[in-house]
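Good morning, colleagues. I ask for a few minutes of your attention for the structure on the screen, and I shall go from the whole chain to individual residues.

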Amino acid sequence: VAEEQTDGRGRFGRPWLSAPRQNLAFSVLLYPSRRTCARLSAVTPVAILRAIKTVTGLSATLKWPNDVRLGQKKVCGILIETAFQGAQVRHAILGIGINVNFNPAEDPQADFSATSLAAELGKPVSREELLQAMLTELGLAYTYLQEWDRVWDDWRSSLETLGRQVQVRWGEHVEEGVADDVDGEGNLLLRRADGTVIALAAGEVTFQL
């Protein structure tokens, strides 16, 4: 757990700002099987959603694949990095940044689309209580994989992306269409204007009007 983060990094190498002594910035080191590793992109955000609900009563949503949002604004970023040795998973690192008590309106560097738990709740939130709840929920979801169906259902039902007209960009490639569903691997099933459906494993989603 870092009290202050000076060079935070999100998906696609984007910077992640974390004000000192106000937020949670931490990493979790895991040694999952290959099968379990594939499920971390659902297990991790679900654990965060459950922890936020337990501590604050707020019901967060997800923008595929794992941006945690409150009131259409991002409150938490997740970066999962995996190292392999041959076909075996050596380890996985879950990098998690949660905006807890900082006020985005007072930070000129903050993204206009960012928020914090305190900003949405109207009062400060205990970082220690939130961290404990997050690690508890992550431990339960990660350890007891027989609960996978419930984790998957929670992840899918929290996706505000589904049913929306979206643009998905990765690198120089762009796809547009309706986010129909997600498949068993967590890929986004995008229906193009011509009716064809493609499965997207990653990308930056922008909602279209």
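Accessible areas in this talk come from the Shrake-Rupley method with a 1.4 Å probe, and for residues only the protein chains shown count as cover. On that basis the chain exposes about 11,100 Å², of which carbon and sulfur atoms supply 48%.

Two remarks on the source are in order. This is a predicted model, in which local features need pLDDT of at least 70 and side-chain atom pairs count only at pLDDT 80 or more, while totals for chains, interfaces and linings use all residues. Residues are numbered from 1 along each chain as its sequence is written, and side-chain values use heavy atoms, with hydrogens and water left out.

I begin with the overall fold. The chain holds five helices and 12 strands; these are DSSP runs numbered from the N terminus, with helices being H or I of at least four residues and strands being E of at least two. Its radius of gyration is 17 Å, close to the 17 Å that the globule rule gives for 209 residues, so the chain is as compact as a globular protein of that length. Here the radius is taken over C-alpha atoms, and the rule is 2.2 Å times the number of residues to the power 0.38. Along the principal axes, the C-alpha atoms fill a box of roughly 50 × 40 × 30 Å.

Buried residues make up 47% of the 209 residues, where buried means under 20% relative accessible area, exposed over 50%, and partly exposed in between (1.4 Å probe, protein chains only). A contact means heavy atoms within 4.5 Å. Among contacts between residues at least 6 apart in sequence, 60% join residues at least 24 apart.

I turn to the interior. A nonpolar core is a set of buried Ala, Val, Leu, Ile, Met, Phe, Trp, Tyr and Cys residues joined through side-chain atoms within 4.5 Å. Which residues of the largest nonpolar core touch the most other members? Of its 54 residues, they are Ile48, Trp64, Val68, Ile98, Leu117, Leu130 and Trp155. Helix α2, residues 40-56, gives the most to this core, with 10 residues. Take Ile98 as an example: leaving aside neighbours within four places in sequence, Ile98 is in contact with Asn23, Leu24, Phe26, Ile48, Val75, Cys76, Leu117 and Leu130.

Next come the charged groups. A salt bridge is a side-chain nitrogen of Lys or Arg within 4 Å of a carboxyl oxygen of Asp or Glu, and a search of the whole structure finds seven of them. One of them pairs Asp67 with Lys74, the closest N and O atoms being 3.3 Å apart. Asp67 is buried, at 7% relative accessible area, whereas Lys74 is partly exposed, at 25%.

Another salt bridge joins Asp181 to Arg156, with the closest N and O atoms 2.8 Å apart. This pair links distant parts of the chain, as Asp181 lies in strand β9 (residues 173-182) and Arg156 in helix α5 (residues 148-157), 25 residues apart. Both partners are partly exposed: Asp181 has a relative accessible area of 22%, and Arg156 has one of 33%.

Strand β9 also supplies Asp180, which forms a salt bridge with Arg191; there the closest N and O atoms are 2.6 Å apart. Arg191 lies in strand β10 (residues 188-191), 11 residues from Asp180, and this pair too links distant parts of the chain. Arg191 is partly exposed at 37%, as is Asp180 at 32%.

How far from Glu137 is the nearest side chain of opposite charge, and what is that residue? Glu137, in helix α4 (residues 127-143), is buried yet has no salt bridge, and Arg50 is that nearest side chain, 4.2 Å away. For charge, Lys and Arg count as positive and Asp and Glu as negative; His and the chain ends are not counted. Leaving aside neighbours within four places in sequence, Glu137 is in contact with Ala47, Arg50, Ala51 and Thr54.

Finally, the backbone. Most residues other than glycine have a negative phi, and most peptide bonds are trans. A cis peptide bond joins Trp64 and Pro65, with omega about 5°; Pro65 is in the loop between β4 (61-63) and β5 (67-70). Arg21, although not a glycine, has a positive phi of about 65°. Arg21 sits in the loop between β2 (15-18) and β3 (24-30) and is exposed, at 58% relative accessibility. Gln72, also not a glycine, has a positive phi of about 70°. Gln72 belongs to the loop between β5 and β6 (73-85) and is partly exposed, at 47%.

Thank you for your attention.
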